[in-house]
Amino acid sequence: MAPVTFNIVRRPLEGQSKNLLKSAIGIMTGHGMKGNVTSSVTSFDPTAGIHVTSTLTFQSLSGLEELQDSFYSNEEMQDAWDETALLCKSVSTTVLEVVVPPENVPDNPKYMLRTIATAKRGKREALIDLALSMRDRSEGMKPGILKPMNSFQRIRLTRAFASLEDLSASINVSNAELGSTLDKFIDLTESVNRSISRIHYLKG
């Protein structure tokens, strides 16, 4: 059974960013949930505005199912969800299977880089294999690789950093250093998007 993550992406109403972030963190700390809460520094889609993302981690889908069973039988949990949703323009959720978790994560990281790559049709497994080979050659921080259950084509790479300088150094790898791997990556993908977020809550 592979580990999974459950992402909750909330877009705050105008003037409610602080309250939404506080509420999202409160839900996680109140239940001692493993995962993280981040707020966007940059967004995948500039037209979508900022967002607050809660990521819950589980050892298997059974763990997520148990949480859902508890949620639907507990009105207080449902009320807390609805109260937080009142602070939002929209709320979306995604379940992602963890291919490999991140490794060598710095202590007390402040920023998270999420990269979403959309593979060409029928090429997601090949893209995962390529991402794994790139990961194996990486020194230091190794990204987590995940695949959303609601998509046949997308994969997600997740990394955490101690500072924006460290993040910048990681993404500004020259084409020469990537070599033929970059060409292979381009051949397998339709699009690649990045999002940078600030980490406000983290529990392993």
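Biologist: Which residues are buried in helix 1?
Modeller: Leu20, Leu21, Ala24 and Met28 are buried in helix 1. They span an arc of only 100° around the axis, so they sit on the same side of helix 1. Buried means under 20% relative accessible area, exposed over 50%, and partly exposed in between, with a 1.4 Å probe and protein chains only. The arc is taken from the directions from the helix axis to the C-beta atoms.

Biologist: Is this experimental or predicted, and how are things counted?
Modeller: This is a predicted model: local features need pLDDT of at least 70, side-chain atom pairs count only at pLDDT 80 or more, and totals for chains, interfaces and linings use all residues. Residues are numbered from 1 along each chain as its sequence is written, and side-chain values use heavy atoms, leaving out hydrogens and water.

Biologist: Back to helix 1. What is exposed on the other side?
Modeller: Lys18, Lys22 and Gly30. Helices (H or I, at least four residues) and strands (E, at least two) are DSSP runs, numbered from the N terminus.

Biologist: And what do the buried residues of helix 1 pack against?
Modeller: Strands 1, 2, 3, 4 and 8, plus helix 3 (75-85). Contact here means heavy atoms within 4.5 Å.

Biologist: Which residues have the most contacts inside the largest nonpolar core?
Modeller: Phe6, Met28, Val37, Val52, Leu56 and Phe58, in a core of 17 residues. Helix 1 gives the largest share, 4 residues. A nonpolar core is a set of buried Ala, Val, Leu, Ile, Met, Phe, Trp, Tyr and Cys residues joined through side-chain atoms within 4.5 Å.

Biologist: What does Phe58 touch?
Modeller: Pro3, Val4, Phe6, Gly63, Leu64 and Leu67, leaving aside neighbours within four places in sequence.

Biologist: New topic. Where is Arg114, and is Arg114 buried or exposed?
Modeller: Arg114 is in strand 5 (residues 111-119). Arg114 is buried, with a relative accessible area of 4%.

Biologist: What is its side-chain partner in a polar contact?
Modeller: The side chain of Thr38, at 3.2 Å. A polar contact is a pair of N or O atoms within 3.5 Å; within protein, one must be able to donate a hydrogen and the other to accept it, and residues adjacent in sequence count only if both atoms are side-chain atoms.

Biologist: And Ser54, buried or exposed?
Modeller: Buried, at 3% relative accessible area. Ser54 lies in strand 3. Its side chain makes a polar contact of 3.3 Å with that of Arg10.
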